[in-house]
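Work through these exercises with the model open beside you. Try each task before you read its solution.

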Amino acid sequence: MSQQPSPQFGLQRYEALMLTVPELTKDETVLIEKQIDEAVRKAAGSVISFERWGKYRLEYPVKKNDYGVYLLARFEVPKGSQALQDLQTMFAIKLNLIVMRHMVHALESPSLVYQRPKSLEEAPESGDGRGFLRDHRKIEGLISAVDATGRFTDSTDDLEDNEDLG
Amino acid sequence: MTKKIKLKISARLVKKRTRRGQGAGGKHCRFCVSLEQLSQLDYKNTALLRSFLTERGKILPARISGNCSRHQRYMGQEIKKARVMALLPYTTQNV
């Protein structure tokens with residue numbers, strides 16, 4: 001994350017944050033990088049950086065996925081060029097199955113330093129304690145018991161009550 | 001009785017005076033004070049933005065966060081961007 005010189009005259013810096021499916025392979029990452037590079041070069045611009053943030057637990061499910069992989073691409077293209085529309089089309093049509101969400105923003109500050117949340121590889125399931133609960137839910141007798149079918153039941157007493165009710 | 005009431009009022013005033021005297025002063029917008037903080041105010045910096053959310057995921061009002069109206073607006077916009085990208089919650093599930 002080095003300090004890059006200011007963009008050349010007539011060029012505008014942008015960044016594209018992409019939220020992809022959690023099962024993103026290396027080949028697919030390379031494919032996205034190539035597609036962006038192609039679109040930017042076509043508009044006489046250049047890619048500054050392309051980063052894979054890693055896997056994250058999403059704050060809400062997106063397309064029925066609880067997890068996702070974030071990618072951040074930064075590039076500079078001439079102002080008012082066709083590149084942004086090309087990228088929009090690319091995300092919506094070509095990469096529709098891989099990229100769940102995307103967001104392109106103009107970069108105003110000359111500094112390229114930024115802070116991002118820690119991924120699951122860096123800090124596995126920290127913070128909210130959901131990971132702890134999930135892990136310890138399986139311990140028999142502590143919170144719940146797992147029946148033969150693999151479903152979670154609260155306790156045997158509750159089962160009996162339900163039978164009585166039924 | 002009257003004595004008691006007078007005492008209560010005076011005690012409250014004394015407290016108020018001491019609070020003023022301690023240099024707490026009014027609230028200051030932290031982004032107006034520090035340019036470094038302002039440069040960190042970004043939709044990707046969820047650790048900072050999370051401090052401006054309630055437990056339910058709502059945006060804190062300016063009277064609580066202490067931001068000036070300009071930076072409160074900017075901060076709200078950044079939180080909304082982060083929500084679109086699923087970096088921050090719109091709301092939390094019932095606890």
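**Exercise 1. Work out how long helix H1 of chain A should be, and compare that with the model.**

Step 1. Helices (H or I, at least four residues) and strands (E, at least two) are DSSP runs, numbered from the N terminus. The expected span is 1.5 Å times one less than the number of residues.

Step 2. Apply the rule. H1(A) has 17 residues, so at 1.5 Å a residue it should span 24 Å.

Step 3. Compare. The end C-alpha atoms of H1(A) are 24 Å apart, which agrees.

Step 4. Keep the source in mind. This is a predicted model: local features need pLDDT of at least 70, side-chain atom pairs count only at pLDDT 80 or more, and totals for chains, interfaces and linings use all residues. Residues are numbered from 1 along each chain as its sequence is written, while chains are lettered from A and ligands numbered from 1 in the order in which they are written.

**Exercise 2. Find which residues of H1(A) are buried, and on which side they lie.**

Step 1. Define burial. A residue is buried if 20 or more other C-beta atoms, placed from the backbone, lie within 10 Å of its own; with 12 or fewer it is exposed, and in between it is partly exposed.

Step 2. List the buried residues. In H1(A) they are A:Ile32, A:Ile36, A:Ala39 and A:Val40.

Step 3. Check the side. These residues cover an arc of only 100 degrees around the axis, which puts them on the same side of H1(A). The arc is taken from the directions from the helix axis to the C-beta atoms.

Step 4. Recall the general rule. An α-helix has 3.6 residues a turn, so residues three or four places apart point the same way.

Step 5. Turn to the other side. There A:Lys26, A:Asp27, A:Val30, A:Lys34 and A:Glu38 are exposed.

Step 6. Find the cover. E2, E3 and H2 of chain A are among the elements over the buried residues of H1(A).

**Exercise 3. Repeat the analysis for H2(A).**

Step 1. The buried residues of H2(A) are A:Ala83, A:Leu87 and A:Phe91.

Step 2. Their arc is only 75 degrees around the axis, which puts them on the same side of H2(A).

Step 3. A:Gln85, A:Thr89, A:Ala92 and A:Ile93 are exposed on the other side.

Step 4. The cover over the buried residues of H2(A) includes E1, H1, E3 and E4 of chain A.

**Exercise 4. Which residues have the most contacts inside the largest nonpolar core?**

Step 1. Define the core. A nonpolar core is a set of buried Ala, Val, Leu, Ile, Met, Phe, Trp, Tyr and Cys residues joined through C-beta atoms within 7 Å.

Step 2. Read the centre. The largest core has 32 residues, and A:Met18, A:Tyr70, A:Leu71 and B:Ala82 have the most contacts inside it.

Step 3. Find the main supplier. E3(A) gives the largest share, six residues.

Step 4. Look at one residue. Leaving out residues up to four places away in sequence, A:Leu71 touches A:Met18, A:Thr20, A:Thr29, A:Ile32, A:Glu51, A:Arg52 and A:Trp53. Contact here means C-beta atoms, placed from the backbone, within 7 Å.

**Exercise 5. Where is A:Lys63, and is this residue buried or exposed?**

Step 1. A:Lys63 sits in the loop between E2 and E3 of chain A.

Step 2. A:Lys63 is exposed, because 10 other C-beta atoms lie within 10 Å.

Step 3. Its phi is positive, about 50 degrees, although A:Lys63 is not a glycine.

Step 4. Compare the rule. Most residues other than glycine have a negative phi.

Step 5. A:Lys64 is found in that loop between E2 and E3 of chain A too. Its phi is near 65 degrees, a positive value. A:Lys64 is exposed, with 6 other C-beta atoms within 10 Å.

**Exercise 6. How many residues of chain B are in contact with chain A?**

Step 1. Count. 15 residues of chain B are in contact with 15 residues of chain A.

Step 2. Locate. H3 (35-40), H4 (46-50) and H6 of chain B each supply at least two residues of the side that touches chain A.

Step 3. Check confidence. The predictor gives the complex an ipTM of 0.72 and a pTM of 0.73. Chain B averages a pLDDT (the predictor's confidence in each residue, from 0 to 100) of 83.

Notes
Contact = placed C-beta atoms within 7 Å.
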